[in-house]
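Trainee: I'd like to learn how to read side-chain features in a model. Could you walk me through a case?

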Amino acid sequence: RLVGAMLLVCGPITKQHFSLAAGSAAVGAVLLLAGYLLDIRLLLWLGIFGALSGTVLVCFYGIMLKQYGWRPEGSSGGTMTVYACQFCGTQFPTYQAAASHEQQCQFGTNVAVPVGGAPQILGVPVGQAVGQPAGQPAGPLVGRVV
């Protein structure tokens, strides 16, 4: 499991991918031309950046199209809520399915531990005197009315 990994999704693409990339390249080309003709360095650099980034995007989307093809019509590619087991991480479409799985998950707390027995408290709980049974007052009862 990668923690802090960047979300990078490669898969089937839509026509909107190409439209946005081509639009970015076209706007960059217009800014580049305007910056050259009007002799404005800022427009020139913005045009270079826009044209290059749009062209690179068109190339990447072309590679993705060749590898994954077009995304089927009607699939939005949006998000979907899933529920995962807190012990093993298996995902389920409903909360009820995840909850019933957690009751019998082999990594959960409701099953016998095969080696070493069940988990136990190690050490002395805070505020408890050593050698004193739990629930009993620690030390002599001085100054208390019994």
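Mentor: Gladly. Let's begin with ring pairs: rings of Phe, Tyr and Trp, the last by its six-membered ring, pair if their centres lie within 6.5 Å. Keep in mind that this is a predicted model.

Trainee: Which residues do ring pairs link into a cluster here?

Mentor: The cluster joins Phe-18, Tyr-61 and Trp-70. By the same rule, the count comes to 3 aromatic pairs. One of them is Phe-18 with Tyr-61, 6.3 Å centre to centre with 75° between the planes. Planes over 60 degrees apart count as edge-to-face, and that is how the Phe-18 and Tyr-61 pair is classed.

Trainee: Which parts does the pair of Phe-18 and Tyr-61 tie together?

Mentor: Phe-18 lies in helix H1 (residues 15-38) and Tyr-61 in helix H2 (residues 41-68), so the pair ties together parts that are 43 residues apart in sequence. Tyr-61 is buried, with a relative accessible area of 18%, whereas Phe-18 is partly exposed at 21%.

Trainee: Where does Lys-15 lie?

Mentor: Lys-15 lies over the face of Trp-70, at 5.1 Å from the ring centre. Trp-70 is also part of the ring cluster.

Trainee: How is the pair of Tyr-83 and Tyr-95 arranged?

Mentor: Tyr-83 and Tyr-95 are edge-to-face as well, with 6.0 Å centre to centre and 80° between the planes. Tyr-83 is in strand S1 (residues 83-84) and Tyr-95 in helix H3 (residues 95-104), 12 residues apart. For cover, Tyr-83 is partly exposed at 34% relative accessibility, while Tyr-95, at 54%, is exposed.

Trainee: Now the cysteines. How many disulfides does the structure hold?

Mentor: The structure holds 0 disulfides. A pair of cysteine sulfur atoms has to be within 2.5 Å to count. For Cys-88, the nearest cysteine sulfur is that of Cys-85, 3.7 Å away. Cys-88 is partly exposed, at 31% relative accessibility, and Cys-59 is partly exposed too, at 47%.

Trainee: And the surface? Which residues form a nonpolar patch?

Mentor: The patch is made of Leu-33, Tyr-36, Leu-37, Leu-38, Ile-40, Leu-42 and Leu-46, with about 780 Å² of accessible area together. To be in a patch, a residue needs over 30% relative accessible area; Leu-46, for one, is partly exposed at 43%.

Trainee: Which elements give two or more residues to the patch?

Mentor: Those elements are H1 and H2. H1 provides the largest share, 4 residues, and Leu-46 lies in helix H2.

Notes: Residues numbered from 1 in each chain as written. Predicted model: local features only at pLDDT ≥ 70, side-chain atom pairs only at ≥ 80, totals over all residues. Heavy atoms only, no water. Phe/Tyr/Trp six-rings, centres within 6.5 Å; stacked < 30°, edge-to-face > 60°. Buried < 20%, exposed > 50% of the residue type's maximum accessible area, 1.4 Å probe, protein only. Lys NZ or Arg CZ within 6 Å of the ring centre and 35° of its normal. Patch = residues over 30% accessible without salt bridge, like charges linked within 9 Å, V, L, I, M, F, W, Y side chains within 5 Å. Areas by Shrake-Rupley, 256 points an atom, 1.4 Å probe, with all protein chains shown as cover. Salt bridge = Lys/Arg side-chain N within 4 Å of Asp/Glu carboxyl O.
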